Structures are given as structure tokens and as C-alpha cells.
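Have the sequence and the 3D view ready.

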Amino acid sequence: MTKPVIAVVGATGAVGTQMLAILTERAEAGVGDVWGGARLIASARSAGRKLSVFGREETVVALTPEAFDGVDVALFDVPDEVSAEWAPIAAARGVVVIDKSGAFRMDPQVPLVVPEVNPDTVTDRPKGIIANANCTTLAMMPALGALHREWTLTGLYAASYQAASGAGQAGIDALYDQYAAVAGNRELGQVPGNVREAVADDETFGAPLAMNVVPKAGSWKEDGWTSEELKVRNESRKILGIPDLRVSSTCVRVPVIVGHALAVHATFASEVDADAARKLLEAAPGVTVMDDPAAGIYPTPIDAAGTDPTYVGRIRRALDDPRSLDMFIVGDNLRKGAALNSAQIAELAVARGL
């Protein structure tokens, strides 16, 4: 049988190039060796560039309807407006579209898939499109999905600590520049206003991020919520299949380059046990438990950077509610939070014969 062909739309972008690396890594490791070839697609101005995937050099072609001829699965790593226009065009040509943007996540006719949590929904795609969740939601879904299957989640309360890279390459560059501006000055941060004077106004984060945390990630929405906070609520409900799940979150930007973290308080329908939760999570796909605080073992963003798992630690039953667990969860927002989940969905699509 001929192996399917995969396309990466937005192949020359930051996430697109990481997607090519992850596809290649997984094929070489044997876990994702399902592809017969790759087509690299980008804007007309990037056409003609050469990039490597699966150990071969491929030429980037321009985004046109004909670019999808002969393609079986397409991974879209482009802005919302580009996905909104072109994903239906690819799907109409018989391509299974997996879209990383926010254009289709809350469309009731588009499944929002995390393979470790809701793999069966991948077949329910009347529009031919499968959506990939936001990086903050993805950091905690493998762990929460495993716990939900055991005890039934009824409430989710989270504070996120989101890396600068969640704002794209501009966020990474801005934080490094701010680090350079404050380095070596030990008076900064002890007097009101002197960090703002050293860093100046910052449009990327809304306030200086070096020596600081900023209680805003995403754009402002109604009633003081941000887009990131609403994504945590709406996407968690859809992925877990709990449309009335009580969710509240506060999303905070922290001076970290890579790795989103969340302090999670999860409430369930029945009494929970921390040791049982730990064992469940140790067996859960895509989850690594780091939970021995006395020995200094707990997850931090620098442990997660460049790796695939969701890391969970500080697992404990709530002091005032036997039905609730508190935990600290960390994941690389550029891998599982972006390219990796798309690659896993594509492999799942092939396995399900789509």
C-alpha cells in the first residue's frame, strides 16, 4: 500500500519549521514513520526555498488550490485568517486538514482533538477539518483527561504562568532584549518605576516582563477577561466533552523563554486520592510525573523546554475538599502546545484510515 503524503502549510514560519523537525524526528524514531512524502507550502514570496524534511530536501511551493493535489493530510501552521480561507479549499479537494490556528476550534462541526484524551472524535469531521487546541490548554489536557476518566471532572480552576514564546518570535526577542537592558544593575526592581525606565514601554507584553510578571496573556475581551482565559474555559469543555464544566482561570505572562506552567485546582464528582492520582498519571500517555518535593523534584519550565511530555508535580489532595486535587503542570508550548499535537493528530488520522 502506498503511504500517504503530508503537506505543511506555512512551512517556512517558526512553527512550520519546527513541524518539519518534529515530523522528521518521529519518522526516524519509528513512532511516526507513516508518510510517503511531504509537500511544503507557503506564501508566494517563500516559494522556491528549500527545506529539509524526512532527510530529504524539498522545494517550497506557493499556496494555491493545485498545491493540494496528491496530498492526503495537510497541517496548517498559519494565521487565523489564512486558515479560514484556505482550510476549506484543501478539505474540498479531499485533504484531511489539521489546523493549528483558532479559526475553527469552537466550530461545532470541527473536532478539537488531543489524541491522549479524545481520539475517537477525529472521525467526526463533516467539514473535513480537525482543530488543534491552544498551547495553554494543551499543556494540561493529557493529565486532566486521565484524571477525568477515573473521577469525572466537575470544576477546573487554574492560574497559568506563560512563557514569552507564547507571543511568538517577537515575544522571545523582546524578553532577551529586556534581559540585556537590566543585566548587571542590582538597583533595578527595588524602587518604583526604575524597571520601566530601563526597559521602556513594551507593546509585546503590555508591561516590562524582565524582573516582572504581567497578569495579561492574549487580548482583552468583555468583562475584563482575556482571550487566553476564555480559550482555557471553552477548549477544556469541548475537548473533555463537558459543556457545562465550571472553569475559571487567570493567565499570566512570566519572564521565561519556553514552557507554559499552570497551577491547577481540579474538582471531581467523587472523593479523590493523591497517591491513586499519581499512579494514574504515571501510566497516562504523554505524561511524566515529577513529584518528590522533599528531594527537590518537581517540574519547572526549564525541565520541559525542548521535550514532548506534560510534566506533573506537587500532586496533593485539597485541604478543605476531599473531591479536589491541586497540582503543578508544565509543558513546552512550542512542541506539544503547537507542532507535536498536530503531528500526533495526523498520525491518528492515518491509523483510523481517514
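## A buried histidine

H260 lies in strand β11, residues 260–268. Helices (H or I, at least four residues) and strands (E, at least two) are DSSP runs, numbered from the N terminus. The model is predicted: local features need pLDDT of at least 70, side-chain atom pairs count only at pLDDT 80 or more, and totals for chains, interfaces and linings use all residues. Residues are numbered from 1 along each chain as its sequence is written, and side-chain values use heavy atoms, with hydrogens and water left out.

Is H260 buried or exposed? With a relative accessible area of 0%, H260 is buried. Buried means under 20% relative accessible area, exposed over 50%, and partly exposed in between (1.4 Å probe, protein chains only).

## The annotated pair

The unreviewed UniProt entry lists C135 and H260 under "active site". UniProt positions are given in the numbering used here, feature names are shortened, and annotations may be inferred rather than shown by experiment. The two are spread over 126 residues of sequence, yet they cluster in space, with a largest C-alpha distance of 8.0 Å.

C135 belongs to helix α3, residues 135–151. C135 counts as buried because its relative accessibility is 14%. Which residues does C135 contact, leaving aside neighbours within four places in sequence? They are H260, N333 and G337. Contact means heavy atoms within 4.5 Å.

Six strands form an open sheet of mixed pairing, in the order β10-β9-β11-β14-β13-β12. The edge strands, β10 and β12 (287–289), each pair on one side only. Two strands pair if DSSP finds at least two bridges between them. Neighbouring strands are turned by 25° against each other on average, direction ignored.

β11 and β14 (residues 324–331) run antiparallel, joined by eight bridges. Strands of a sheet pair through backbone hydrogen bonds, either parallel or antiparallel.

## Helices on the sheet

Helix α3 lies across β9 (153–162), β11, β12, β13 (310–317) and β14, at about 25° to β11. Helix α6 (residues 227–240) packs on the sheet too, touching β9 and β10, and its direction makes about 140° with that of β10. Axes are lines fitted to C-alpha atoms, for helices over the stretch in contact, and angles run from 0 to 180 degrees between N-to-C directions.

Which residues of helix α7 (residues 274–283) are buried? They are A274, A277, R278 and L281. Seen down the axis of α7, these buried residues fall within an arc of 100°, so they line one face of the helix. The arc is that of the directions from the helix axis to the C-beta atoms. An α-helix has 3.6 residues a turn, so residues three or four places apart point the same way.

The buried residues of α7 pack against α3, β12, β13 and β14. On the other side of α7, K279 and A283 are exposed. At the start of α7, a side-chain oxygen of D273 comes within 3.1 Å of the backbone nitrogen of D275.

Conventions
Polar contact = N/O pair within 3.5 Å; in protein donor to acceptor, adjacent residues only side chain to side chain.
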